[in-house]
Amino acid sequence: MNKPIGNTCWTIAEGYIPAYGNGPEPQFTSHETACLLNTGEQDAHVEITIYFKEKEPVGPYRVTVSARRTLHLRFNDLTDPKPIPRDTDYASVFISDVPIVVQHTRLDSRQSENALLSTIAYASSN
């Protein structure tokens with residue numbers, strides 16, 4: 001498939017990175033992940049802004065998803081302009097210069113019975 005699919009604006013309204021995990025790292029580190037898919041022929045340049053309940057947004061975090069590739073991006077690994085705090089509710093907005101697809105996944109390993117959540121992000125026509 002060479003045709004770009006998806007949208008240029010995506011939102012994950014729910015985000016939370018637990019402060020700790022249970023099990024071997026890095027496989028069982030509690031984390032949030034955005035899975036970005038670029039089916040087009042051009043690299044996708046994506047800016048991510050993080051929103052909080054009681055403080056100003058942080059961003060943009062900048063990533064590139066190569067043409068006809070996927071990128072699984074752990075929010076835990078975002079550090080520039082600053083790390084995303086643990087044990088803090090947040091939301092995220094993704095703006096891309098070409099259409100992409102965004103899926104949200106969380107691994108919560110705070111107890112030995114791990115929980116995995118995954119859902120497609122909200123796509124906006126903006």
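**Exercise 1. Backbone angles in the loops**

Task: Asp87 is found in the loop between β5 and β6.

Solution. The model is predicted, and every value below is computed from it.

Step 1. Start with a general rule. Most residues other than glycine have a negative phi, and most peptide bonds are trans.

Step 2. Check the exposure of Asp87. The relative accessibility is 44%. Buried means under 20% and exposed means over 50%, so Asp87 counts as partly exposed.

Step 3. Turn to Arg68. This residue sits in the loop between β4 and β5. With a relative accessible area of 47%, Arg68 is partly exposed.

**Exercise 2. The overall layout**

Task: How many helices and strands does the protein chain have? How much of the chain is buried?

Solution. 

Step 1. Count the elements. The protein chain has 0 helices and 8 strands. Along the sequence the pattern reads β-β-β-β-β-β-β-β.

Step 2. Look at burial. Of the 126 residues in the protein chain, 39% are buried.

Step 3. Look at the contacts. Take those between residues at least 6 apart in sequence. Of these, 71% join residues at least 24 apart.

**Exercise 3. Strands β3 and β4**

Task: In which sense do strands β3 and β4 pair? Which side chains meet in a salt bridge?

Solution. 

Step 1. Find the strands. β3 covers residues 44–52 and β4 covers residues 58–65. They pair in the antiparallel sense, over 6 bridges.

Step 2. Pick one bridge. Ala44 has Val65 in β4 as its bridge partner.

Step 3. Follow the connection. A hairpin of 5 residues joins β3 to β4.

Step 4. Recall a general point. Side chains of opposite charge can pair when their charged atoms come close.

Step 5. Apply the cut-off. A salt bridge needs a side-chain nitrogen of Lys or Arg within 4 Å of a carboxyl oxygen of Asp or Glu. The structure holds 1 salt bridge. Its partners are Glu47 and Arg62, at 3.2 Å from N to O. Glu47 is in strand β3 and Arg62 in strand β4, 15 residues apart.

Step 6. Judge the exposure of both. Glu47 has a relative accessible area of 35% and is partly exposed. Arg62 reaches 60%, so it counts as exposed.

Step 7. Lys55 lies over the face of Phe52, at 4.7 Å from the ring centre.

**Exercise 4. The aromatic cluster**

Task: Which residues form one aromatic cluster? How are the rings of Phe75 and Tyr90 arranged?

Solution. 

Step 1. A pair of aromatic rings is described by the distance of the centres and the angle of the planes.

Step 2. Know the cut-offs. Centres must lie within 6.5 Å; planes under 30 degrees apart are stacked, over 60 edge-to-face, and the rest tilted. The count comes to 2 aromatic pairs.

Step 3. Take Phe75 and Tyr90. Their centres are 5.7 Å apart and their planes are at 50 degrees, so the pair is tilted. Phe75 is in the loop between β5 (69–74) and β6 (90–108), and Tyr90 is in strand β6. Phe75 is buried at 1% relative accessible area. Tyr90 is buried at 4%.

Step 4. Take Phe75 and Phe94. Here the centres are 6.3 Å apart and the planes are at 85 degrees, which makes the pair edge-to-face. Phe94 lies in strand β6, so the pair ties together parts 19 residues apart in sequence. Phe94 is buried, as is Phe75.

Step 5. Phe75, Tyr90 and Phe94 form one aromatic cluster.

**Exercise 5. A histidine in β6**

Task: Is His104 buried or exposed? Which side chain does it contact?

Solution. 

Step 1. Check its area. The relative accessible area of His104 is 3%, so His104 is buried.

Step 2. Find the partner. A polar contact of 2.3 Å joins the side chains of His104 and Glu32.

Step 3. Compare sequence and space. His104 and Ala34 are 70 residues apart along the chain, yet their C-alpha atoms are separated by 4.8 Å.

Methods. Residues are numbered from 1 along each chain as its sequence is written. This is a predicted model: local features need pLDDT of at least 70, side-chain atom pairs count only at pLDDT 80 or more; totals for chains, interfaces and linings use all residues. Side-chain values use heavy atoms; hydrogens and water are left out. Rings of Phe, Tyr and Trp (its six-membered ring) pair if their centres lie within 6.5 Å; planes under 30 degrees apart count as stacked, over 60 as edge-to-face and the rest as tilted. Helices (H or I, at least four residues) and strands (E, at least two) are DSSP runs, numbered from the N terminus. Buried means under 20% relative accessible area, exposed over 50%, partly exposed in between (1.4 Å probe, protein chains only). A charge sits over a ring if NZ of Lys or CZ of Arg is within 6 Å of the ring centre and within 35 degrees of the ring normal. Two strands pair if DSSP finds at least two bridges between them. A polar contact is a pair of N or O atoms within 3.5 Å; within protein, one must be able to donate a hydrogen and the other to accept it, and residues adjacent in sequence count only if both atoms are side-chain atoms. Contact means heavy atoms within 4.5 Å.
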